[in-house]
Amino acid sequence: MSAEEKSMSIIVTKGSLDWAYPPFILATTAAAMGLPVTMFFTFYGLPLLLKDLNLQLTAAGNPAMKMPMMGGHMGLPNLLTAIPGIDAACSKMMKNLMNKKGVAPIEDLRELAVEAEVRLIACQMTMDLFEYSLDDMIEGPELGGAATYIEVATQSDINLFI
Amino acid sequence: MADQTLDAKGLNCPLPILKARKALKDVPDSGTLEILATDPGSVADFEAFCRQTGNELVEHSEEDGVYRFLLKKTA
């Protein structure tokens, strides 16, 4: 379908609710635009392949996170981010906001990525480190390491690290 | 009349593009797909999508916050 075939790879290193979006948005969109896409999931990005996602974000150390509220924007002072349950509350707020604004849940984007035949590589070393097996993951990911990724990267026109 | 219409109103980036890509699969060659969206970013995005994929953006317009795109399947 693409006029001139370009390809893209993304190294996915972060697994919080907010950081999960850029790689999946870009991967699904690139695939929709006709690019072959590979995603390499490593370290905290690896759990994004788990069957059950319950993504959370952290308020601590996230001063740019400001939610629209009462006509303005409110952030959370670092001191208050230690309150038990605050991350769960913030995550819930963010998910409600996303739902209201028509932003797709990560689960949906991930399903669309699989459907679009985005190649998913689970970092073998991270699987071992955090004691995951492919049985914990959705259908589709293959195992690979740094050399697997480098080979993909040498053949890709766009290589992103997120 | 377009061969198909996709209602992507209320959806945010990148859903209008992803759904359009899917809908295009069912459009015959040289057929048209009409897309309705409320995401203001979809204007630039459908222009880029068409340039990259080789499909033709025949026209686009906006009325009361609803963007209407007419794509011709040429790729």
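1. Two residues are in contact if their C-beta atoms, placed from the backbone, lie within 7 Å. Helices (H or I, at least four residues) are DSSP runs, numbered from the N terminus. The model is predicted: local features need pLDDT of at least 70 and side-chain atom pairs count only at pLDDT 80 or more, whereas totals for chains, interfaces and linings use all residues. Residues are numbered from 1 along each chain as its sequence is written, and chains are lettered from A and ligands numbered from 1 in the order in which they are written.

2. In helix H3 of chain A (residues 106-115), the buried residues (20 or more other C-beta atoms within 10 Å of their own) are A:Ile106, A:Leu109, A:Arg110, A:Leu112 and A:Ala113. They lie on the same side of H3(A) because they cover an arc of only 160 degrees around the axis, taken from the directions from the helix axis to the C-beta atoms. These buried residues pack against H1 of chain A together with helix H1 (15-25) of chain B. After H3(A) comes A:Glu117, with a positive phi near 60 degrees.

3. Leaving aside neighbours within four places in sequence, the contacts of B:Ile35 are B:Leu6, B:Ala8, B:Pro16, B:Ala20, B:Phe69 and B:Leu71.

4. Between the chains, 14 residues of chain A are in contact with 13 residues of chain B. H1(A) gives the most to the side of chain A that touches chain B, four residues.

Conventions: Helix = DSSP H or I, 4+ residues; strand = E, 2+ residues; numbered from the N terminus. Buried ≥ 20, exposed ≤ 12 C-beta atoms within 10 Å, placed from the backbone.
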